[in-house]
Amino acid sequence: MPEAMKEAMVVDLRSDTVTRPTEAMRQAMARAEVGDDVYDEDPTVIELERLAAGLTGKEAGLFVPSGSMANLIAQMVHADRGSEVVLGEASHAVLHEVGAGAAIAGVQYSIIPGDGRFTAGQVRKRIKAPTFHTPGTSLIWVENTHNMGGGTIFPTAEIKAIAEVAHEAGLPLHMDGARVFNAVVAGGEALRDVVREVDSLSFCLSKGLGAPAGSVLVGTREFRTRAHRLRKMLGGGMRQIGILAAAGIYALEHHVERLADDHRRARRLADELRRLPGISIDADAVQTNIVMADLHGADAADLARRCAERGVLFHALSRRRLRLVTHLDVDDAAIHRALGVISEVLGGGG
Ligand code: TLP
């Protein structure tokens, strides 16, 4: 079989980061006007940053290469070296950023145990003033949706309560909103309302929204000025990146509402996987485009490897846990195919 045909048959549920730009997005990229973005002179980047600021109701946006760089810059702007950031134990910043908070921002984490969602009361208990012995708290951090929690939505009312606690203590609240559009579409709230109380946030264009790269960091004008310098310091000043910003604008204009399709497909995947013997899924936790499935007995890495041999890809997060993510490049037929392969392999047919 030709390679291109084999590739077309692969169902890649490892992440929503694997999406490829559509033909229409590529056309938008090809047409983009560009300039030098380090000088703040790329017209398409300026348009994207304005669009992001408008959508979030914040003063200014900064286009950055990745969600990880957005998170690092946010910590560097808000948090003094040697201070503490309060956040959930399974946050992306804690688990999946190669220790950048410690290694580069120089912060340590005060970690709230659990599935990534926590309460204002839990935050209050962790806030401390610096003394000659102890680090002080500098920043409170929420992740919405929560990746390792299984794409769960951080309730807006709780974010508001957490913001009150943070602001009373004179601390900023940042949202890692890599998938905040999934939260918005699934929760039926306006983005502005979801992020109203946070001082800064980032969202990714390169996940469910389907752009090839980039995130936008938004906050006050002063926050943006400092973030712009830090982006250059970290090597993220990328010059004529209007071609990437054009993909981001296209994604914001055409790929937000369709996230509902990804959510519907994740729900179908979860509902049908749960019926298979040897798999359990917390149905309440499947709120957006991520499905966490737990195996009884079978080894997750082994299952992932055997399914991959049959063209169905997903991650084994631990010995028993799988993560499957729906996105732009996974249609109903692909879900059907993935379910067929997983059930065949689990049932001993592989
Ligand atoms: N998440 C990736 C992996 O890095 C785990 C994925 O496949 O889900 N915040 C959150 C909540 C994220 O899920 C991610 C990426 C990031 C930040 C970082 O974004 P990038 O990959 O653009 O650096």
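In this predicted model, an oxygen atom of the ligand lies 2.9 Å from an N or O atom in the side chain of Lys207.

| Residue | Protein atom | Distance to a ligand oxygen atom |
|---|---|---|
| Lys207 | side-chain N or O atom | 2.9 Å |

On its own the ligand has 510 Å² of accessible area, and the protein covers 82% of that area. The space that the ligand takes is the largest pocket.

There are 15 residues around the ligand, and those that come nearest are Ser15, Ser68, His92, Asp176 and Arg179. Sorted by class, this shell holds eight polar and six charged residues, together with one nonpolar residue. Which helix gives the most to the shell around the ligand? That is helix H4, which spans residues 67-78 and contributes three residues.

Turning to the whole protein, the model has 15 helices and 13 strands. The C-alpha atoms fill a box of roughly 60 × 50 × 35 Å when the box is taken along the principal axes. For 350 residues a compact globule would have a radius of gyration near 20 Å, and the 21 Å of the protein therefore agrees with that expectation.

Two details of the backbone remain. Most residues other than glycine have a negative phi, and most peptide bonds are trans. Asp40, although it is not a glycine, has a positive phi of about 65°, and Asp40 is found in the loop between helix H2 (23-31) and helix H3 (43-56). The peptide bond that joins Asn144 and Thr145 is cis, with omega about 0°, and Thr145 has its place in the loop between strand E5 (137-143) and helix H8 (156-168).

Methods: Residues are numbered from 1 along each chain as its sequence is written. This is a predicted model: local features need pLDDT of at least 70, side-chain atom pairs count only at pLDDT 80 or more; totals for chains, interfaces and linings use all residues. Side-chain values use heavy atoms; hydrogens and water are left out. A residue is near a molecule or strand if one of its heavy atoms lies within 4 Å of it. A polar contact is a pair of N or O atoms within 3.5 Å; within protein, one must be able to donate a hydrogen and the other to accept it, and residues adjacent in sequence count only if both atoms are side-chain atoms. Accessible areas come from the Shrake-Rupley method with a 1.4 Å probe; for residues, only the protein chains shown count as cover. On a 1 Å grid over the protein atoms alone, a cavity is a set of points where a 1.4 Å probe fits but cannot get out, and a pocket is an open set with protein on both sides within 12 Å along at least five of seven lines; lining residues have an atom within 4 Å of a point. A molecule sits in a cavity or pocket if more than half of its atoms lie within 2 Å of its grid points. Helices (H or I, at least four residues) and strands (E, at least two) are DSSP runs, numbered from the N terminus. Ala, Val, Leu, Ile, Met, Phe, Trp, Tyr, Cys and Pro count as nonpolar, Asp, Glu, Lys and Arg as charged, and the others, Gly among them, as polar. The radius of gyration is taken over C-alpha atoms; the globule rule is 2.2 Å times the number of residues to the power 0.38.
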